[in-house]
Amino acid sequence: MQEVSRRLVSVLRRTDTVARLGGDEFAVLLPGADDERSRSVCKKILAALDRPIKVENLQLRAGISIGVALCPEDGQDANLLMQRADVAMYEAKRHQHGFAFYSADRDDNSISRLGLAAELREAIEHDELMLEYQPMVDIRTGRIFCAEALVRWSHPRYGCVPPEEFICIAEQTGVIRPLTLWVIDQALGQAAAWRRAGIDLRVSVNLSVRSLQDRKLPGQVQKLVDKHFCDPDKVILEITESALMSDPLTARRVMRRLSNMGFQISIDDFGTGYSSLAYLKQLPVDEIKIDRSFVTQMDRDENDAVIVRATIDLAHNLGLKVVAEGVESSDVWDLLEMLGCDTAQGYFIRKPLQPGELASWIESKAWAGSRWDSPVPVAG
Ligand code: C2E
Ligand code: CA
Ligand code: CA
């Protein structure tokens with residue numbers, strides 16, 4: 001952050017102002033700047049942040065998106081200008097343009113994060129979110145033993161907002177805490193409902209970076225466990241690799257508490273961060289989930305296949321189970337089976353489904369019937 005601020009200051013005039021809004025967000029005020037000067041400052045900022053930042057032995061790269069609002073064209077007061085710069089910034093982020101100017105035409109369909117965060121909070125309170133569940137299969141037996149809960153938000157105006165978009169808004173605005181608890185509450189309730197219906201399915205829930213920095217989380221989760229009479233053994237918590245790196249001490253403490261409560265801990269998107277398996281081994285981790293970018297094409301891409309194979313072997317040697325996500329074809333399934341991978345998840349098996357659909361699909365034994373000649377037990 002300090003280096004980023006230094007670089008920002010270095011490309012500005014003395015009469016300009018740089019301020020940190022919080023987290024990793026900065027605002028730049030350019031008095032008297034017109035369209036042209038704003039454009040040139042944006043380019044300078046992008047160039048200044050393009051050089052990697054050296055922190056101890058690491059070379060870090062900062063990805064940045066800039067939104068521009070002009071006064072008086074886009075607004076006359078600070079609030080409106082900030083909001084419109086925010087809309088433009090979101091445009092830039094979505095299209096990976098680096099920077100974007102506010103445009104009223106696009107504003108109707110573009111998503112203002114400030115407004116969205118407030119609506120998201122309401123959506124949680126009014127139960128307007130929904131969970132879909134994607135089956136996870138034991139490769140050795142073909143049994144569907146688990147389902148990953150994936151949150152869905154159908155917004156009255158924007159339609160279906162992808163979780164990748166609103167999760168990051170939730171993280172930046174603190175809405176992530178109620179969101180995570182809502183998801184856990186729903187997922188544990190769903191697991192209990194399936195159990196009552198005779199379907200023995202574990203659930204897997206995604207925890208965000210912020211949740212791991214929240215020391216109150218384990219206590220709140222314990223309350224939900226008690227509420228649903230749930231066995232934490234049957235619940236997998238997925239934590240992305242990057243989450244471990246930003247405040248490792250608190251993350252480690254929260255993970256240890258969750259693990260001591262009996263939850264299974266899985267490292268999601270494995271391979272996209274920088275942690276080594278040796279480092280993970282010092283944490284209470286039960287399994288790793290190889291990122292789908294290595295899996296989906298591993299039947300065609302030699303490098304991917306090598307990475308997946310090495311990861312499976314190393315993980316097994318360290319006593320960790322391995323999940324492959326993004327399994328889209330029977331060729332990839334066969335390879336994973338040959339390599340001894342434990343669990344598969346992906347469109348080849350099934351897309352995420354609504355809870356009722358998942359139950360009927362499991363009961364129809366469509367999956368077991370399609371892959372195995374003799375019917376295998378579907379759950380248990
Ligand atoms: P993820 O945890 O890696 O979830 C898997 C994503 O891959 C899901 O997208 C799923 O629909 C998609 N997927 C499943 N099988 C395949 C496949 O065979 N091929 C391909 N190309 N994709 C596949 P989705 O539901 O859009 O979720 C995106 C991300 O949003 C998730 O990635 C997760 O990081 C986040 N997310 C979703 N729900 C939650 C939640 O309740 N809490 C938190 N913190 N994050 C969530
Ligand atoms: Ca996941
Ligand atoms: Ca993943």
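1. D268 lies in strand β12 and E325 in the loop between β14 (321-324) and α15 (330-339), so the pair ties together parts that are 57 residues apart in sequence. Helices (H or I, at least four residues) and strands (E, at least two) are DSSP runs, numbered from the N terminus. D268 and E325 are buried, where buried means under 20% relative accessible area, exposed over 50%, and partly exposed in between (1.4 Å probe, protein chains only).

2. On the basis of the description, this is a predicted model, in which local features need pLDDT of at least 70 and side-chain atom pairs count only at pLDDT 80 or more, while totals for chains, interfaces and linings use all residues. Residues are numbered from 1 along each chain as its sequence is written, chains are lettered from A and ligands numbered from 1 in the order in which they are written, and side-chain values use heavy atoms, with hydrogens and water left out.

3. Ligand 1 is surrounded by 21 residues, of which the closest are Q134, R152, R292, E328 and Y347; a residue is near a molecule if one of its heavy atoms lies within 4 Å of it. By class, this shell has eight nonpolar, five polar and eight charged residues, with Ala, Val, Leu, Ile, Met, Phe, Trp, Tyr, Cys and Pro counted as nonpolar, Asp, Glu, Lys and Arg as charged, and the others, Gly among them, as polar. At least two shell residues come from each of β8 (144-155), α6 (163-173) and β12 (264-270), and β8 gives the most, with four residues.

4. Which distances separate polar side-chain atoms of R152 and D269 from oxygen atoms of ligand 1? For R152 the distance is 2.9 Å, and for D269 it is 3.5 Å. A nitrogen atom of ligand 1 is 2.5 Å from an N or O atom in the side chain of E328. The protein covers 85% of the 810 Å² of accessible area that ligand 1 has on its own, as computed by the Shrake-Rupley method with a 1.4 Å probe.

5. R152 also meets E132 in a salt bridge between their side chains (3.0 Å, N to O), a term that requires a side-chain nitrogen of Lys or Arg within 4 Å of a carboxyl oxygen of Asp or Glu. This pair links distant parts of the chain, with E132 in strand β7 (residues 129-138) and R152 in strand β8, 20 residues apart. Both E132 and R152 are buried.

6. The count of salt bridges comes to 13. One of them joins R61 and D50 (4.0 Å, N to O), linking the loop between β4 (58-60) and β5 (66-68) to the loop between α2 (35-48) and β3 (53-55), 11 residues apart. R61 is exposed, with a relative accessible area of 60%, and D50 counts as exposed at 51% relative accessibility.

Technical notes:
A polar contact is a pair of N or O atoms within 3.5 Å; within protein, one must be able to donate a hydrogen and the other to accept it, and residues adjacent in sequence count only if both atoms are side-chain atoms.
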